[in-house]
Amino acid sequence: MRRRYEADGYLWVKHLLPREDVYDMRELYFSHISPAGILAPSTSPRAGIFNPELDPLHYQGLGGTPLKASQALLDSIHAHPAYRSFLAHPSLRSFVRALTGWDHEVMLNRGLLRHNVPRSLSTGIHYDQLFLRAGDPVFVTAWVPIGDCSAEGGGLIYLENSCAVGEACEKEFVRRQEADAMSREERIDAFNKHMGGGGHLSHDAREFLHAEGQGRRWMVADYEAGDVVFHSPWMIHGATKNEDGSGRIRVATDLRFYEEGARLDERWMRTFYHGDGL
């Protein structure tokens with residue numbers, strides 16, 4: 001599996017986590033944020049069905065523009081003891097060590113719990129090192145869908161064999177930054193003047209494929225609760241728009257692991273909150 005991860009830039013592992021543990025986390029998430037009114041009446045937090053009477057653009061998760069009333073709930077779930085315990089799940093942590101060969105891993109505290117309601121916006125095209133430039137590109141990202149997520153449900157998409165594309169993009173950004181004599185603080189900022197909206201490379205997967213794909217394909221999948229996808233700092237990815245026919249809200253958490261002793265991005269050792277600048 002390690003050879004496959006190194007060759008492909010990602011590894012999709014089926015049923016790594018117990019399904020019920022994942023759905024317990026889903027239930028906790030929607031129970032916690034339900035005061036925002038996001039759920040359809042008479043539906044359970046475990047199901048996580050969006051209220052179709054609401055404007056989806058007002059009920060986006062991280063990376064979107066949620067209502068101010070929702071932001072405190074989205075912030076506080078990241079510090080919830082049950083979420084922090086979920087991130088320490090022994091099945092996840094032991095697999096990270098087995099995949100990498102590390103004796104000890106360090107997880108960045110700024111794990112992200114991100115929901116995506118039907119008919120809302122999706123995550124833009126990017127590679128993760130864009131946002132973690134203060135550390136070395138030696139981490140592994142784990143993307144964990146919190147519940148089943150069909151190909152139409154807003155899951156991650158990966159541009160095949162794209163690590164070289166990500167590295168080439170970053171080299172070009174570095175060239176521009178050096179030409180402008182930008183300070184270190186400006187260079188590590190994913191939102192500096194050379195970056196796209198939200199720090200992303202594009203918000204149009206088809207357009208990006210035409211411009212940068214060089215014959216590659218976007219890969220999409222039906223993910224199940226318990227699956228985990230691991231990917232490289234350079235792997236180009238984004239997410240599909242959530243068009244789930246049953247109104248199911250996509251929730252996932254993305255986590256970053258370094259080997260103990262590696263130069264990591266210390267900015268990401270703080271728990272997420274809105275306005276943290278990252």
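Here, buried means under 20% relative accessible area, and that is the sense used in each legend below for this predicted model.

View 1. Phe139 comes from the loop between β3 and β4, while Tyr258 belongs to strand β9, so we're looking at a link between distant parts of the chain, 119 residues apart.

**View 2. Tyr127 and Trp234 make another tilted pair, one of ten aromatic pairs in the structure.** Centre to centre, Tyr127 and Trp234 are 5.7 Å apart, and their planes make an angle of 45°. Here too the pair links distant parts of the chain: Tyr127 is in the loop between β3 and β4, and Trp234 is in the loop between β7 and β8 (237–239), 107 residues away. Why do we call Tyr127 buried? Its relative accessible area is 0%, and the cut-off is under 20%. Trp234 has a relative accessible area of 13%, so Trp234 counts as buried as well.

**View 3. Strand β7 (residues 228–231) has buried side chains pointing both ways.** Val228 and Phe230 point one way, Val229 and His231 the other, and all are buried. Strand β1 (residues 10–13) runs antiparallel to β7 and is joined to it by four bridges; zoom in on Trp12 and you'll find it opposite Val229. Strand β4 (residues 140–145) is also antiparallel to β7, this time with three bridges, and Ala142 has Phe230 as its bridge partner.

**View 4. Trp12 also belongs to a ring cluster.** Ring pairs tie Trp12 together with Trp143 and Tyr223.

**View 5. Arg110 lies over the face of Trp268.** The distance to the ring centre is 4.4 Å.

**View 6. The largest pocket takes up about 910 Å³.** Its lining comes to 44 residues, with Leu62, Gly63, Gly64, Arg114 and His200 nearest the centre. By type, the lining splits into 14 nonpolar, 23 polar and seven charged residues. Which strands each supply at least two lining residues? They are β3 (112–116), β4 and β9 (250–259), and β3 gives the most, with four.

**View 7. The second largest pocket holds about 270 Å³ of space.** Here 13 residues form the lining, and nearest the centre you'll find Ile157, Ala205, Arg206, Ala239 and Thr240. The lining of this second largest pocket divides into five nonpolar, five polar and three charged residues.

Technical notes:
Residues numbered from 1 in each chain as written. Predicted model: local features only at pLDDT ≥ 70, side-chain atom pairs only at ≥ 80, totals over all residues. Heavy atoms only, no water. Buried < 20%, exposed > 50% of the residue type's maximum accessible area, 1.4 Å probe, protein only. Pairing = 2+ DSSP bridges. 1 Å grid on protein atoms, 1.4 Å probe; cavity = no way out; pocket = protein on both sides within 12 Å on 5 of 7 lines; lining within 4 Å. Points joined across faces, edges and corners; volume = space filled by probe spheres on them. Nonpolar A, V, L, I, M, F, W, Y, C, P; charged D, E, K, R; others polar. Phe/Tyr/Trp six-rings, centres within 6.5 Å; stacked < 30°, edge-to-face > 60°. Lys NZ or Arg CZ within 6 Å of the ring centre and 35° of its normal.
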